[in-house]
Amino acid sequence: MSVDTERPNRPVQSVDRALRVLEILARENEASLGQLAAELGVHKSTVSRLVEVLSSHDLVEPPEGQGRYRLGVGCLRLAGATAGRLSLAVEAQPVCNQLAVELDETCNVAMLHSGMAVNVCQAEGSTTVATRNWIGQRTPPHATSNGKVLLAFVPEAEQRLLLARRLERFTDRTITTATELRRALQEVREQGYAYAHEEYEEGLRAVAAPIRDHTGAVIAALSAAGPGYRLTEEEFPRVRDAVLRGAGEISRRLGSGAG
């Protein structure tokens, strides 16, 4: 066995080894300190320090007596957070696809993460001029229809913190004051949808509606976006109603009474 000692100046190596410990326990279900050390090719003392840190975060469950290590409840917490996002994307994608065909425009689903709207799925219509791929993109919530929906329904304390930040201007139509944004968010709550007319990009218009989970909480937003010459005032009611139906369908798939 090739034995490598832990070096304080190798934090990346320590992270790699810690992740490998989790992978081994996930594969084997449980393992002793000696088994982990042998597979990693390090001293038992090195593995002992790694599992001690992992245990402090509940990612590894320490053995009782001379038992073996296994994954801890902290892994369930992380898996649950990921599963929620994956479940949303899985349930939303077919609805996005259908809506994109119906409207012949780009449709997205976004969630609020670290104060930004993050797109988790997208579908495009067959129109020649289409918006770019937004999957995984982080967009400022104050300037987008999806983002306004997400901001409108976050807890009041969180909303205050988000509105206290500088609101960057992207176009002449971007909302840049907290007072104006609060009025817009109140309107979103009252009417049940949000719109953005060239507030993030010149020529781009969009409308969005809230997606609710089984508790009724708003966890995401569904939007349809396209160029202003297609999403005209005359077309807006049709697009809005279709987006509302789509958001309701995704909500129903997630166990909400909406839709």
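Trainee: Where is the place of Asp-58?

Mentor: This is a predicted model, in which local features need pLDDT of at least 70, side-chain atom pairs count only at pLDDT 80 or more, and totals for chains, interfaces and linings use all residues. Residues are numbered from 1 along each chain as its sequence is written, and side-chain values use heavy atoms, with hydrogens and water left out. Helices (H or I, at least four residues) and strands (E, at least two) are DSSP runs, numbered from the N terminus. Asp-58 has its place in the loop between α3 (44-56) and β2 (60-61).

Trainee: Is Glu-198 buried or exposed?

Mentor: Glu-198 sits in the loop between β7 (194-197) and β8 (204-212). Buried means under 20% relative accessible area, exposed over 50%, and partly exposed in between (1.4 Å probe, protein chains only). With a relative accessible area of 16%, Glu-198 is buried.

Trainee: What is phi of Asp-58 near?

Mentor: Asp-58 is partly exposed, at a relative accessible area of 39%. Its phi is positive, in a residue other than glycine, and is near 65°.

Trainee: Which residue caps the N-terminal end of α5?

Mentor: Helix α5 (residues 145-152) is mostly covered, as eight of its eight residues are buried. At its N-terminal end, a side-chain oxygen lies 3.0 Å from the backbone nitrogen of Gly-147, and the capping residue is Thr-144.

Trainee: What pLDDT does the chain average?

Mentor: The pLDDT is the predictor's confidence in each residue, from 0 to 100. In this chain, 88% of the residues score at least 70, and the average is 86.

Note on methods:
A polar contact is a pair of N or O atoms within 3.5 Å; within protein, one must be able to donate a hydrogen and the other to accept it, and residues adjacent in sequence count only if both atoms are side-chain atoms.
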